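Okay, hi everyone, thanks for making time for this.

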Amino acid sequence: MRLILFLSLVFLTGCSAPGANLHDALSGYAQSAESGYGFDQYLVGEALDSAIQTQEMLDELGLVSMGQAEFKELELVGKTSAMACMDLSALTVVNSFGLPADLPPRANQLAVLIQFQDINNQLFISSLEVGEAKC
Amino acid sequence: MLVELAMLAAAASCDINKAAMGLCGGCPDGSAAYAICATEAGGGTGSSNLPGSSNAGPKKPTPMKLCNYYVNGSIDRPTLGIISAWVPVGSRLCIGDEVVEYTPGPSWQERIDTEISDRFAASSNLPVAWWEPGDETEYEELVRFYVDPRNKSVPGALLGEAATIRFTATSIAWNFSDGGRGFSASYSREFKEVGSYKAFATVQYRVDYKIGLANWLLSAATRELKSNVLDVLVVKYPRRTLLVG
């Protein structure tokens with residue numbers, strides 16, 4: 001009985017850890033997106049390329065991203081994938097005059113599919129796909 | 001420029017800033033507070049005398065028929081000989097065909113269904129805050145804080161009609177780093193302690209829009225924006241005692 005209980009605890013701990021680490025990775029990524037650097041601490045592969053490319057685009061256009069995105073309702077949907085609701089309501093893109101940039105409208109809350117990888121016991125986001133659906 | 005951005009956004013993975021720039025996913029279905037999305041569905045008729053001008057479905061083999069006509073090419077001026085040939089159906093008249101007098105106009109009609117979508121977006125100004133005297137002030141002196149919400153009205157067009165989106169400030173809240181709060185565009189207060197403080201205003205905007213000659217649609221959305229952050233240095237100036245003897 002003790003063995004079963006022990007195994008159950010190990011199993012539960014094993015399940016909750018990726019969620020917690022992923023949340024840390026997403027929070028770190030949101031901070032990097034605001035500051036414009038340090039992406040490689042949280043992202044790899046396609047996600048890292050995309051973030052760097054977008055940052056270069058922002059720099060080129062003289063735009064600055066203000067505020068942080070927030071990831072809510074994080075839910076693991078596989079061993080290396082999760083769904084979340086990305087809340088952009090606190091995030092504004094402003095031009096060099098400090099005024100909101102004239103950009104296409106977007107929803108404040110978007111459903112995202114996140115792919116992640118475990119590299120040396122640290123979770124890295126490898127892909128972030130924004131779905132059509134709001135959340 | 002936006003076309004270039006949209007093309008770059010077509011890369012496989014998205015990211016936070018790309019999403020913030022509206023370059024991930026599709027149309028937000030009007031959920032953004034500062035955009036009007038509209039779709040207009042309608043119908044019309046078009047006509048054509050050209051056979052096969054309809055582009056419905058995959059190309060099928062041309063139907064043929066055995067056609068008899070006189071050597072001079074006609075079906076009403078007989079000759080000694082008759083030509084029999086396989087010809088595409090409808091490509092020419094053959095002996096025995098029923099001849100219908102030509103009347104100008106469409107021989108067939110096709111209905112063209114159209115759906116036109118349009119979007120008109122506008123951004124509000126950021127509220128601008130400042131304070132007097134600015135730079136620094138002495139403790140227990142009255143300090144005045146100001147914020148200009150910079151209400152904005154943006155003209156544009158939606159589905160060919162004039163449209164306007166306007167942002168009107170409805171409430172203002174001052175937030176001070178010592179926990180103080182104020183609720184007017186021009187707010188006065190004093191600081192009891194020497195030190196560095198930060199202050200900013202949060203302005204709530206009401207978004208209205210108008211299309212064509214229709215009335216304003218009020219409170220279509222609300223949006224809250226923070227002003228620039230002010231640094232307030234509160235000091236104590238040295239006092240000298242003047243002895244008069």
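Before going on, a quick word on what you're looking at. This is a predicted model, where local features need pLDDT of at least 70 and side-chain atom pairs count only at pLDDT 80 or more, while totals for chains, interfaces and linings use all residues. As for the labels, residues are numbered from 1 along each chain as its sequence is written, and chains are lettered from A and ligands numbered from 1 in the order in which they are written.

Which strands make up the open sheet, and in what order? In chain B there are 3 of them, in the order S5-S7-S11, with antiparallel pairing. S5 (128-132) and S11 (186-190) of chain B are at the edges with a single partner strand each, so each has one side without a neighbour in the sheet. From one strand to the next, the twist averages 20°; that angle is taken from 0 to 180 degrees between N-to-C directions, using axes fitted as lines to C-alpha atoms. A handy thing to remember here: in a regular strand the side chains alternate between the two faces of the sheet.

Now, follow strand S9 of chain B, residues 161-176. S9(B) pairs antiparallel with strand S8, residues 152-158, over 7 bridges. Between S8(B) and S9(B) the hairpin has 2 residues, and B:Leu159 there takes a positive phi near 50°. B:Trp174 has its bridge partner, B:Gly182, in S10(B). These two strands make a hairpin with 4 residues between them, and in the turn B:Gly179 has a positive phi of about 95°.

Let's zoom in on one residue, B:Arg166, which lies in strand S9 of chain B. Its bridge partner is B:Ser153. Is B:Arg166 buried or exposed? B:Arg166 counts as buried, because it has 20 C-beta neighbours inside 10 Å. The rule is this: 20 or more other C-beta atoms within 10 Å of a residue's own means buried, 12 or fewer means exposed, and in between is partly exposed, with C-beta atoms placed from the backbone. Leaving out residues up to four places away in sequence, B:Arg166 touches B:Lys152, B:Ser153 and B:Asp208. A contact like that needs the two C-beta atoms, placed from the backbone, to lie within 7 Å.

Over to chain A, which comes to 2 helices and 6 strands. Going from the N terminus, the elements run α-α-β-β-β-β-β-β. Helix H2 of chain A has 17 residues, 45-61, and at 1.5 Å a residue it should span 24 Å, which agrees with its end C-alpha atoms being 24 Å apart. The expected span here is 1.5 Å times one less than the number of residues.

Where do the buried residues of H2(A) fall? Seen down the axis, they are within an arc of 165°, so they line one face of the helix. That arc is taken over the directions from the helix axis to the C-beta atoms. Among the buried residues are A:Ala47, A:Leu48 and A:Leu58. On the other side of H2(A), A:Glu56, A:Asp59 and A:Glu60 are exposed. Just after the helix, A:Gly62 takes a positive phi of about 70°.

Last stop: A:Asp40, in the loop between helix H1 (2-35) and H2 of chain A. A:Asp40 counts as exposed, because it has 12 C-beta neighbours inside 10 Å.

Note on methods. Two strands pair if DSSP finds at least two bridges between them.
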